[in-house]
Amino acid sequence: MPDWFAHIMLAVIVATCLRITGAKRVLFIIGNVMPDFVRFLIIIGNALDLQTFNVLVSGPINSGSHTLLGVFAYALFISIFFDRSLAPVNPAASPLEIQGEHPAFARALVARWTRATDSPLFLLVAGGIVHLFLDTFMWPYGGGLYWLYPITHAAFRWSFGAWWPSTYEAIMVLAPFFIAAVVVECILVMRKKKL
Amino acid sequence: MKTPKHDKAVKAAVFAAFVFFSIAAGISWNYFPTPPTRVDGEPYSVSLSQLRDYAAEMEGQPVIIMPNARNVSFNTTSDILTFQTSHILFDFTVTIVYYNWTENGTYPVGQLENGSSVVVTGICRVESAGSIVGTRIVILLPENVYVASIGGLAIIVVLVLVYFKIDFKKLAITRKTRDGVKRP
């Protein structure tokens with residue numbers, strides 16, 4: 001796993017590109033670290049020297065969480081704690097309305113996207129998939145992610161083979177894009193203030 | 001819009017079912033491992049359970065395992081680095097041997113310690129010699145990840161506290177503001 005810092009950086013980059021803002025962005029970020037929540041079990045297991053527990057419980061749960069099925073199951077669970085919709089009470093207050101003259105399909109697309117991102121479940125699942133995407137860069141050899149778990153044939157263990165887990169390469173690769181995203185955010189905030 | 005109670009129960013049930021399924025799959029893969037598979041001519045990426053149950057099929061094959069090293073020892077005269085790994089559930093130990101370590105080894109000997117998480121590529125000789133003749137090795141340092149992740153955790157906690165209100169009694173997290181208006 002690239003560390004949570006790297007996952008948050010990628011979450012901010014993607015959220016900036018897709019204009020996911022405010023509380024929705026926070027949920028998207030939570031989705032981005034969600035598959036790693038179970039690491040706490042492994043840390044506790046290591047601290048208490050419960051190796052059998054790690055082999056039979058924490059490890060399998062962690063493997064399961066790093067899959068499409070797992071992302072959906074975890075997102076379902078976490079969405080329990082949030083309201084069903086994050087939509088503004090007054091639809092006119094939606095931050096994603098497009099200004100100016102745009103073709104009908106563009107407006108429909110934006111409206112549909114806005115509705116989708118009103119759902120915590122959608123944001124958590126989307127974040128989880130971005131997490132899996134970043135994790136797929138790990139393991140130059142020997143490992144990879146079973147996106148289609150429980151299918152565990154080697155042909156379905158996917159990795160881009162870019163870097164090893166436990167290195168800071170993910171942060172270094174993402175850093176320029178992250179800085180660019182932060183700059184774009186600052187410009188947008190300043191523009192909004194001027195308006 | 002609040003989530004109805006029956007909806008919450010269904011979601012929790014699906015999550016619990018998945019977690020139990022993951023644990024059951026993990027236990028079954030430990031006790032009854034599936035045969036090792038590979039793509040094209042790549043080495044087999046195997047667990048210790050698979051090595052134990054399929055040692056005959058793996059004999060002489062290139063394999064990759066990710067064990068925790070123990071009993072690390074380096075023989076300076078023969079230039080051989082060895083360490084062992086064993087399955088926590090079974091009485092099964094594999095010795096990993098690297099010949100000509102100082103010549104071919106990627107790391108100084110001291111970097112490989114007891115307890116190190118490593119990725120080992122080698123040729124399986126478990127059936128005949130109880131060992132893997134290593135060709136490559138990578139030492140993983142998970143502590144790095146945990147240290148950086150603490151920073152990430154702090155960011156998430158702050159963001160949640162800024163944007164959401166946590167009701168511990170109802171176990172609910174609600175947005176602090178809607179339409180720019182603070183909720184009571």
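The model is predicted, so local features need pLDDT of at least 70 and side-chain atom pairs count only at pLDDT 80 or more, while totals for chains, interfaces and linings use all residues. Residues are numbered from 1 along each chain as its sequence is written, with chains lettered from A and ligands numbered from 1 in the order in which they are written.

To start with the interface, 52 residues of chain B are in contact with 52 residues of chain A (in contact: C-beta atoms, placed from the backbone, within 7 Å). On the chain B side, the residues split into 31 nonpolar, 14 polar and seven charged (Ala, Val, Leu, Ile, Met, Phe, Trp, Tyr, Cys and Pro count as nonpolar, Asp, Glu, Lys and Arg as charged, and the others, Gly among them, as polar).

Next come the cores. A nonpolar core is a set of buried Ala, Val, Leu, Ile, Met, Phe, Trp, Tyr and Cys residues joined through C-beta atoms within 7 Å, buried meaning that 20 or more other C-beta atoms lie within 10 Å of a residue's own, with C-beta atoms placed from the backbone. The largest one has 54 residues, and Ala11(A), Ala75(A) and Leu124(A) touch the most other members. Leaving aside residues up to four places away in sequence, Ala75(A) touches Gly31(A), Met34(A), Leu121(A), Leu124(A), Val125(A) and Gly128(A).

As for the sheet, chain B has an open one of seven strands, ordered S1-S2-S6-S7-S5-S4-S3 with mixed pairing (strands are DSSP runs of E, at least two residues, numbered from the N terminus; two strands pair if DSSP finds at least two bridges between them). Strands S1 (44–45) and S3 (70–75) of chain B stand at the edges with a single partner strand each, so one side of each is left without a neighbour in the sheet. Strand S2 (residues 62–65) of chain B pairs with S6(B) in the antiparallel sense over four bridges, and Ile64(B) stands opposite Thr121(B) in S6(B).

How values were computed. Contact = placed C-beta atoms within 7 Å. Buried ≥ 20, exposed ≤ 12 C-beta atoms within 10 Å, placed from the backbone.
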